[in-house]
Each structure stands twice: as C-alpha cells, then as structure tokens.
Amino acid sequence: MDSEDSGGSPVEPKQKKKAKSKTPAKGKESVLTQKSPAEFFAENKNIAGFDNPGKSLYTTVRELVENALDSTESVGELPVIEVTIEEITKSTFNTMIGLIDRERVDAALYGDFESEKAREKRLAKEAREQEKLAKIAALGKKPKEMSTTKGQKARGETFFRVTCKDNGRGMPHDDIPNMLGRVLSGTKYGLKQTRGKFGLGAKMALIWSKMSTGLPIDIYSAMKGQNYLSFCRLDIDIHKNIPHVHLHEKRDNNDKWNGAEIQVTIEGNWTTYRSKIIQYMRQMAVITPYAQFLFRYISATADKNVTIRFARRTDVMPVVPIETNYHPSAVDLLLIKRLIAETSKQNLIQFLQHEFVNISKSYADRLIGEMGPDFTPKMAVKSLSSQQIVRIHQLFRQAKFDDPSGDCLSPAGEYNLRLGIIKELHPDMVATYEGSPHVFEGHPFIVEAGVSLGGKDVKQGINIFRFANRIPLLFEQGADVVTRTAMKRINWNSYKINQTQDKIGVFVSIVSTKIPFKGTGKEYIGDDITEIATAVKAAIQQCCVQLKSKIVRKQQARERQERKRNLTKYIPDASRAIYEVLKDIVQLRSPKKPRYGDVYEEILNGVSSREITETTLREKLAQHVEQVDIEMALEYATQSGITQEARETTYIRSLEGTPNFYDFHSPVCVIRLFH
C-alpha cells in the first residue's frame, strides 16, 4: 500500500502530460476570400472545353468561328471566314518573348530522359517487332505499321498562333476591351437562339493564352462606314476580371474593310486533334452552305501544310433569330424578381402582358383575379412583396398557357441542309425534313433532319452528324439523343435500308432558345427528355419514308431494265425463228386458195415479195418491247401515284414581295407557277 502511495507521485506528471497531448492544437483562423469569374474558370478550364492542349486548340478554333458567324449573320452579310493555325516551335517562341535557349546540364532532370536500361529494353522490343514484320512479309501478307514506343514527352514544346478573320459587324472601338477582356460579359444573354451561351468563348482562349504562353491577344476591328481601323492588344487580369490593355489605337482603314480579326497564341497539340478540327470545319460547311470558309494550317515544316477551302453553295441565309420574352411556365422566383426590377412597366397588368409571352390583357385580368384580393390590375408592380411574388410564381406553374410559337427560332432550313449534305458528302440519295415547333419546359424547339445514302468519305453503317443551334457536336456522341434514336429506335429494314451494309448519314439539327445540354461543355443532348426524343425520331422517320419511296422506284427501274434486257436478248433468235416459219408457210401455201385472213395474207405476201425480212421483224420486236415497258411504267404510276408515291419538294426562291401563284397537281408532283 505504501509502495502504491509513494509511487503515485511520479506517475501523476506523466498522466498530466498525456492529457495535454490530446488537446487539439489551435488552428489558423479561416479567412474569407473571393474569386473573380476569370479566376474560377482559369482553375476549372475543363468546364469550357480546355481540358488539355489539344482540346484547347480545337475549342479555340470553334469559339472564334462561331463568334465570327454570329457577327456576320447579325448584319445579313454572307459569311467569309478565314481560319489560320500557325505552328510555332519552342525555339521560335523563346525568340518571340526574348528568352535565350539553354543547353541541358542535368539530362536526367527532364521528363523525356531515357536511361540506359530503358533504351536497351526499347531497342529489344523494336528488334522483336522487326522480326515479326519480316516473317509476315515473307508469307506475302501486308505487314502492319510498327508501333512506336511512347515515352514521356515534355509539355510546352509546341505553340500555335490562331487567327480568325470575318466580314461581320465588327466591334465599337471603346467596347473592345470589355467585350474580350472581361469574363461573363457579352451580347448573348437575352432569351434567343444563339450559338454561345456562357459569355466565355474568345475570353477563355485569352485566359488559356495567359496560362500557357503569357502573351496577349491582338484584335483588329472595323465597323461598316468607319474610315478607321481599331487595333487593340490586351490580356486579362485574372484576379480582378478586368482587361489589361497594352495598346489601343485607331489606324487607317484604306481597304474599307469591315469585320473583326482576332489573333491568339496558345499552347496546343495539332497531331492529336487534327482530325477533329478538320471534321468540325467540314460539318460547319454542311450546316452553313451559305458561308465561305478558308482553313489553313502552316507547319514548321512546309511539307505538312494544309489548306482547305469550303466554297459557298447558296446565297440563301436563315432569318436572324429574334429575342423573345419568357414563357410563364419557364420562369423561377429569381427571374421574376429580376424582371420586376428591370421592367419599365408601372402596373401589374402591363407587366404580365409585356414581359411574358402568351398572356393577353383578358387572360392577365383572369390571372390577377385568381391571385387573390391583395392583387389589383393597377397596383404598382415594384411594390410587390416577397409573398406576393411567390404567389405569382405558384400560379404560373399551375395555370394553363398556350405553347410559345417558334417564330423566334432560326433553323437552317431544308433547302440549306440538303445543299450542305450534297456539297460535302455527294450522296447517291438524300432526304430532308423540318418538323413543326415543339415545346420543352416553356422553351420552343425545332428539329430538322436529313438522311443520306452513299457518298464520299462515308463509312458503312450509320454515320451520325449532330448540330445544336447550328453548331456541330463532335464529342460524347454515344450518350446523345440523336445517336441513341438512330441506333436503337429506327427499324431501318422496314425502309429497305441495310443498317450494316449501306453507307447511311443521319443529320439532325436542333434549334431552341435553350438547348438542354448535358454538361457545360455543350457536347451532347441527353436522352432523358421525352419531347425532344420523340421529335427526333419522327423527323428521322419522315426522311426514311422519303428514301423508301426513292429506293422502291430505283428497284422498279432496275427490274424494268433487267426485264427489257432479257427480252431484248432473245429478239434475234425469235425474229429468225418467226421469219423461217413464215417462209415455210409461204412455200407450202396455194396462192389460188387463201387459207388465212386478210392481215395474215398481207404479211405472207410481204415475206414473199421480201418487203418483210428478218431485219424488219427484229426492229418491230424491239419497238414492241420498248412500248410494253413504257405502258407498264405508266400503269404503275397511275395506280399507285397518289397514295404511295412520295412527293419531293422543289424549292423556288421568290425574288421580292409575296408573289401570286397557281398550283397544278398531278399524281407524282405539284407544280407551282408564279406570276
């Protein structure tokens, strides 16, 4: 006991020390910080499609081209767009920024360093592959290309100067810095169909340029009628989200040019994204056949240069999409509050009539009456309380409203879609269809479709071409509503189309005031929206019905030709046999006692006098085969023309005004005569 008491004192300090160690150390106090929009997107650049150097090069080209098209179409100019990608080697880049190249001192420090052991392993593998190729060649087979061992490659060795020039609206001189040097500022935030929605585009290319090269962008701009050219060199202060202007001046515009030219230098990878960039330009030429594109790639080695010109096929441009008001079923509380704050209308009934679509004065009165006694038509809209705004929102979600019309939309049109497909793919057959406007969550949308058979550079099977608001979608195709509909929901065999053997091109373009993209990269439209999936399927089926009719006609024409060829093949033998029989009859008959009718006697007399010969019979049989073929074709058209034959629209463009016309209907076509 004494030992326990005496031993208590030395143990006690240890217990106290142990208890002290369990007390958590006092951490640093949290500091509230903020990030600018530019800083956020710089740290999350994959959101805007700048995942890696190769994808960044592709996205830069895409955003510049789409901005250029928007600019030209907004002023009704037929687009003339030039895109140039110029390769800049690391050595040239260092010279540009005044950096002197340095020899490596510690080679093992670099990512592309290859140790002696790794080198021996690589050489042994290459030797084995060479031996395999030699054996394959000895058997007379075509050897595959030898695979190259991929080693680690240091990043940042290749840069590109991307230039995009257009003949569009141009930019006001004083607005250039804010238009390109401030994230989330732009002219595309109203409710209308537009190619860009995030206010990023060229601004994101500027951020990537600042991150990868540190170089500013150069902008040339001139508006129509200006006698000067605006030049601006700027980058962006990412932390403050404000433009940093290096040079901003007016220059002489001796050529009277109007439009914009943007030049940006970025890190990129042409090798891995070459096919995607060219594919993008080609598909853009399909959906905009009224545009002229010149694409150039200038390599550091001249033998790798690429120049592609996509010529204009038509001067018919889609109408310019117009800004529209919100549909009551498509608004939320925050949007209603914003509309109230921005409206110029004084009272509630005017606010409902003019800030929303499909609310007439009488219907606005009914809505106000349903809201309750606290609401009157003449009450000041800006005096509405939070509870009253919630009541308006609840009623909007429960009440019935007519669907919004598609008048604010601007589809490419069947005419342009057909021309684009023919111009770029040269198919054997093509059918197009433009559906009527549909609605998804209060937003109107229109689906256009085209289906082609055969063509240049088209693989066997189903080839999908997707467009949203008239821009190509190239990534994440498998999850898209168009791909899943074409692959799983269309019975191609019922339209006499072989899904695996035929070269099928499926083109679907969706335009809307709000495209329901999955992901912020604007790469695909989900398959979970019933309204869109149904409209896509119906549009593709309409094209297939047209193609089936053409295929049936083609098969019947081929069968007629085969039948005619078979009959014609036997004409010489038949005419010879008939002529021999007629000659035998002539020799055996008695001229004094006619045994046949007048017609036959006339034929026999002709044979006897050699007016009818074997050649004569051959010509008559050939004429008969031709006549029978024509009669059978006419009989088929008469019997099945109105009920089965698909009518193909012939597009006649009116020069001006609304002309008078007459329609002449036939079983196989409708002819519209203008006067």
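Mentor: The side chain of Thr 59 comes to 2.7 Å from the backbone oxygen of Gly 49. The model is predicted: local features need pLDDT of at least 70, side-chain atom pairs count only at pLDDT 80 or more, and totals for chains, interfaces and linings use all residues. Residues are numbered from 1 along each chain as its sequence is written, and side-chain values use heavy atoms, leaving out hydrogens and water.

Trainee: Is Thr 59 buried or exposed?

Mentor: Thr 59 is placed in helix α3, residues 53–74; helices are DSSP runs of H or I with at least four residues, strands are E runs of at least two, and both are numbered from the N terminus. Buried means under 20% relative accessible area, exposed over 50%, and partly exposed in between, with a 1.4 Å probe and protein chains only. The relative accessible area of Thr 59 is 4%, so Thr 59 is buried.

Trainee: Which residues is Thr 59 in contact with, leaving aside its neighbours within four places in sequence?

Mentor: Contact means heavy atoms within 4.5 Å. With those neighbours left aside, the residues in contact with Thr 59 are Ala 48, Gly 49 and Phe 50.

Trainee: How are α3 and α8 oriented to each other?

Mentor: Axes are lines fitted to C-alpha atoms, for helices over the stretch in contact, and angles run from 0 to 180 degrees between N-to-C directions. The axes of α3 and α8 (residues 270–287) are 8 Å apart, at an angle of about 20°. Angles under 35 degrees count as roughly parallel, over 145 as roughly antiparallel, 65 to 115 as roughly perpendicular and the rest as oblique. The two helices, α3 and α8, are therefore roughly parallel.

Trainee: Which residues of α8 meet α3?

Mentor: The α3 side includes Leu 57, Tyr 58, Val 61 and Arg 62. Facing α3 from α8 are Trp 270, Thr 272, Tyr 273, Lys 276, Ile 277, Tyr 280, Met 281 and Met 284.

Trainee: How are α10 and α11 oriented to each other?

Mentor: The axes of α10 (residues 348–355) and α11 (residues 361–371) come within 9 Å and cross at roughly 125°. Helices α10 and α11 are therefore oblique.

Trainee: What percentage of the residues in the protein chain is buried?

Mentor: The protein chain has 18 helices and 16 strands. Among its contacts with a separation of 6 or more, residues 24 or more positions apart account for 73%. Of the 675 residues in the protein chain, the buried share is 41%.

Definitions and conventions. A polar contact is a pair of N or O atoms within 3.5 Å; within protein, one must be able to donate a hydrogen and the other to accept it, and residues adjacent in sequence count only if both atoms are side-chain atoms.
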